[in-house]
Amino acid sequence: MLSVVHESVRREAFCELSSFRMELYAAMSRRADALFELVDAVLCAGGPVVSLPELSLETVHRRGHGAMYDALARGRLDVSRLRWALAGLRLPRGTDRQISIALDVTPWPRPDAECSPERLHCHRPCRCDGVRQTIPGWPYQVAAGLGGGRTSWTGVLDAVRLGPTDDATEVTAAQIRDLLDRLRQAGQWREGDPEVLFVLDSDYDIVRLTWLLREVPVRLLGRIRADRVMYHPPGRRKGPTKGRQPRHGEAFRLADAATDPAPVQASASVHDRFGAVVARCWGRLHPKLDRRGS
């Protein structure tokens, strides 16, 4: 077996990268040269970027640090055009040609920038004492395409900044709709293709998202906290007295295995990396709606 990538594959990947770089440069409507070199400097840096003047010392950055500050202050990037360029790139797909996209919030810590507008308390251990679990910053919700293999590379497709007055669930629903619309127009998804799978963490309101996206061809897979309590269908009222029918059935407590009924489906297999894997499935469960939420 040859360990060298075939020349045609390398040429195709190089052409795709060159095309994307041209689109990225075209999306920079002001101070394009300086901004483009700054992007290359970030990519070529040998470690984490801790200061801007150090970027101007990279070989690919041919301008002085004054031009770098001018580009950051007066440069412009057409974010909408960049989003369309990202939607047109080749996406990783599963064996059934399904597109899988992960959504998660990544904070940009800004603890010392007291004059920065619209800072929020982001969930991240504070660097000051290591005890507090929030830090002032800007939260960004990132959408990235997922591959099926063992790799840490992801294809970033979109990023939306969350503001202090935003409803996180409505912003997520709008981001999914806009992203799916761009994938449609870019030819990545057509009628008859498998529904796009979105993977979300436990902080997302998966029940309300399902309702908001009920007419959109997507599937939602969300992680549930280990202390959540779900309920079975209510069934009929018990006892001889008359009254309103119950709204909730028996409780299904994820933290208490004694409340688990017989699963609807179950499967067991052996993974070559994680060992024995057991999956159990229950259906027609629902949570109670929070009185303070939507």
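Which helices and strands each supply at least two residues of the lining of the second largest pocket? I looked this up in a predicted model.

**Entry 1: the second largest pocket**

I listed strands S3 (100-109), S4 (120-123), S5 (134-146), S8 (218-222), S9 (229-231) and S12, together with helices H6 (168-185) and H7 (206-212). Each of these elements gives at least two residues to the lining. H7 gives the most, with five residues. I noted a volume of about 1,800 Å³ for this pocket. Its lining has 45 residues, and those nearest the centre are Ser-202, Asp-203, Tyr-204, Asp-205 and Ile-206. I sorted the lining by residue type and found 22 nonpolar, 10 polar and 13 charged.

**Entry 2: the largest pocket**

I then turned to the largest pocket, which holds about 2,200 Å³ of space. It is lined by 46 residues, and Val-39, Val-42, Leu-43, Leu-82 and Val-156 are the closest to its centre. Helix H2 (residues 32-44) supplies the largest share of this lining, seven residues. By type, I found 31 nonpolar, eight polar and seven charged residues there.

**Entry 3: the nonpolar cores**

I looked up the largest nonpolar core, which has 21 residues. The residues with the most contacts inside this core are Ile-101, Leu-103, Leu-179, Val-196, Phe-198, Leu-213 and Val-218. S3, H6 and strand S7 (196-200) are the elements that give two or more residues to this core. H6 has the largest share, with five residues.

I picked out Val-218 and checked what it touches. Leaving out residues up to four places away in sequence, Val-218 touches Ile-176, Leu-180, Glu-195, Val-196, Phe-198 and Leu-213. Another core lies apart from the largest one and has 11 residues, including Met-28, Phe-36, Leu-82 and Leu-86.

**Entry 4: a strand pair**

How do S11 and S12 pair, in the parallel or the antiparallel sense? I found that strand S11 (residues 265-271) and strand S12 (residues 275-281) pair in the antiparallel sense, over seven bridges. A hairpin of three residues joins S11 to S12. Within the pair, Val-270 stands opposite Ala-276 in S12.

**Entry 5: Phe-14**

Is Phe-14 buried or exposed? I read a relative accessible area of 58% for Phe-14, so this residue counts as exposed, the cut-off being over 50%. Phe-14 sits in helix H1 (residues 7-27).

How values were computed:
Residues numbered from 1 in each chain as written. Predicted model: local features only at pLDDT ≥ 70, side-chain atom pairs only at ≥ 80, totals over all residues. Heavy atoms only, no water. Pairing = 2+ DSSP bridges. Helix = DSSP H or I, 4+ residues; strand = E, 2+ residues; numbered from the N terminus. Buried < 20%, exposed > 50% of the residue type's maximum accessible area, 1.4 Å probe, protein only. 1 Å grid on protein atoms, 1.4 Å probe; cavity = no way out; pocket = protein on both sides within 12 Å on 5 of 7 lines; lining within 4 Å. Points joined across faces, edges and corners; volume = space filled by probe spheres on them. Nonpolar A, V, L, I, M, F, W, Y, C, P; charged D, E, K, R; others polar. Core = buried A, V, L, I, M, F, W, Y, C linked by side-chain atoms within 4.5 Å. Contact = heavy atoms within 4.5 Å.
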